[in-house]
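User: I want to learn how to read strands, sheets and cores in a model. Can we work through one together?

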Amino acid sequence: MSTSTTASVSTHILDTSVGRPAEAVAVHLSARAGHDGDWQPLGGSATDADGRCKDLPALPEGTTHVRLDFDTETYFAKKQAAAQQDAPALRDSENSRPVFFPEVTITFAVVPGEHYHVPLLLNPFGYSVYRGS
C-alpha cells in the first residue's frame with residue numbers, strides 16, 4: 001500500500017491467446033529516483049493462478065520511475081512443452097519456433113501517494129499494457 005511519500009505497484013497478466021490468466025510468469029521490479037538515476041533492483045515475484053502478482057516489493061521513498069520486467073520466454077516455453085506432450089505431432093511443426101518477445105519491459109513514471117496497477121495483455125506475437133485501477 002502506498003503512503004503519502006511513496007507509490008505502490010501491482011500487476012496481472014492475461015494471456016489473450018487462450019483467454020486465461022498467465023500463471024507462473026516471473027516479474028522483476030526496479031525503481032529509480034529521477035530521470036537519470038540508476039535503476040535499483042527491488043526484487044520480484046511470480047503471477048499466481050489468477051495471473052496476479054500480489055506481493056511485489058514496496059517502492060522506496062523518492063521513486064519517480066518504475067520498471068517491470070516480465071519473463072515471457074519461460075512462460076511460453078512451458079506452454080509449448082505442455083502442448084507438445086499432449087500432441088507429439090506438434091514437435092516438428094512451426095509451433096516449435098522461438099518466442100518472438102522473450103521478455104517484456106514496461107517503464108512508467110510514478111508520483112508519491114498513488115497506486116499503479118499495470119495489466120499486461122499478452123500473446124505469442126504481441127502485447128499491450130495500460131494503467132488499470
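Analyst: Start with the term strand: here it is a DSSP run of E, at least two residues long, numbered from the N terminus. Note that this is a predicted model. Gly44 lies in strand β4.

User: How do strands of a sheet pair, and in what order do the 4 strands stand here?

Analyst: Strands of a sheet pair through backbone hydrogen bonds, either parallel or antiparallel. In this model, 4 strands form an open sheet, ordered β4-β3-β6-β7, with antiparallel pairing. On average, neighbouring strands are turned by 20° against each other, direction ignored.

User: How many bridges join β3 to β4?

Analyst: Strand β3 (residues 26-32) is joined to β4 by 6 bridges. Ala31 stands opposite Gln40 in β4.

User: Back to Gly44. Is Gly44 buried, partly exposed or exposed?

Analyst: Buried means under 20% relative accessible area, and exposed means over 50%. Gly44 has 39% relative accessibility, so Gly44 counts as partly exposed. Beyond four places in sequence, Gly44 contacts Val27, His28 and Pro57. The C-alpha atoms of Gly44 and Leu29 are 5.6 Å apart, though the two residues are 15 residues apart along the chain.

User: Which residues touch the most other members of the largest nonpolar core?

Analyst: In soluble globular proteins, nonpolar side chains tend to be buried together. The largest nonpolar core here has 25 residues, and Leu68, Phe70 and Phe108 touch the most other members. Elements giving two or more residues include β3, α1 (72-86) and β8 (115-123). The largest share, 4 residues, comes from β8. Leu68 touches, among others, Val27, Leu29, Phe108 and Val118.

Note on methods. Residues are numbered from 1 along each chain as its sequence is written. This is a predicted model: local features need pLDDT of at least 70, side-chain atom pairs count only at pLDDT 80 or more; totals for chains, interfaces and linings use all residues. Side-chain values use heavy atoms; hydrogens and water are left out. Two strands pair if DSSP finds at least two bridges between them. Axes are lines fitted to C-alpha atoms, for helices over the stretch in contact, and angles run from 0 to 180 degrees between N-to-C directions. Buried means under 20% relative accessible area, exposed over 50%, partly exposed in between (1.4 Å probe, protein chains only). Contact means heavy atoms within 4.5 Å. A nonpolar core is a set of buried Ala, Val, Leu, Ile, Met, Phe, Trp, Tyr and Cys residues joined through side-chain atoms within 4.5 Å.
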